[in-house]
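Here is a short report on one protein model. Look at the structure first, then read on.

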Amino acid sequence: MKKITALAATGLFTATLLSGTVHTAQAAPGPDWNKTAHCKATDPEGRHIVTRVGNAHLGWNHFTHRHNIRVCKIIDAAVKGKVDRNDHHGRLEYDGVAVKTGNRPQTVHFVVIVQYSRYTKDKKYDAGRGQKIGVVNAFCRNQPHNKCPAWMNK
């Protein structure tokens, strides 16, 4: 009887230790973001570039509010040109120029940044198997706070 009690106590002690220290390995979920494509364009090298709705940190919802880009034609204009900067790790930058004519002409230089890979560089965002993140940001360079003028959205 002593043997059975000793084995049962050892088993109970081992089970208690293991239940407190064993954790199931789970991947940390990424931040919430809307993967729905809002705009689509193709660059001269045949890359299909999407602008996803995103969230406050990347995509359409980010730069629409923060940088005042509210129409797809701005993104399309830059993407239809050549890649101006390529880090060879999926980050592409396209430059564009918008010109306002009339009584007070104005020239605005803008940039569209694309992550042409499944994941963002920091691995926080995943576009899904066979998909690309797409446009992560767009802004105007020679404007206060990188905010584009309203006339660009007409």
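Asparagine 68 counts as buried, because its relative accessibility is 11% (buried means under 20% relative accessible area, exposed over 50%, partly exposed in between, with a 1.4 Å probe and protein chains only). Asparagine 68 sits in the loop between α2 (60-67) and α3 (72-79). Helices (H or I, at least four residues) and strands (E, at least two) are DSSP runs, numbered from the N terminus. The phi of asparagine 68 is near 60°, a positive value in a residue other than glycine.

Histidine 145 also has a positive phi, of about 60°, and is not a glycine. Histidine 145 lies in the segment after β6. With a relative accessible area of 75%, histidine 145 is exposed.

This is a predicted model: local features need pLDDT of at least 70, side-chain atom pairs count only at pLDDT 80 or more, and totals for chains, interfaces and linings use all residues. Residues are numbered from 1 along each chain as its sequence is written, and side-chain values use heavy atoms, without hydrogens and water.

Now the largest pocket. Its volume is about 260 Å³. Of its 13 lining residues, Leu58, Thr120, Asp122, Tyr125 and Val136 are the closest to its centre. β5 (106-115) and β6 (134-140) each supply at least two lining residues.

| Class in the lining | Residues |
|---|---|
| Nonpolar | 5 residues |
| Polar | 4 residues |

Ala, Val, Leu, Ile, Met, Phe, Trp, Tyr, Cys and Pro count as nonpolar, Asp, Glu, Lys and Arg as charged, and the others, Gly among them, as polar. A pocket is an open set of points on a 1 Å grid over the protein atoms alone, where a 1.4 Å probe fits, with protein on both sides within 12 Å along at least five of seven lines; lining residues have an atom within 4 Å of a point.

Note on methods. Points joined across faces, edges and corners; volume = space filled by probe spheres on them.
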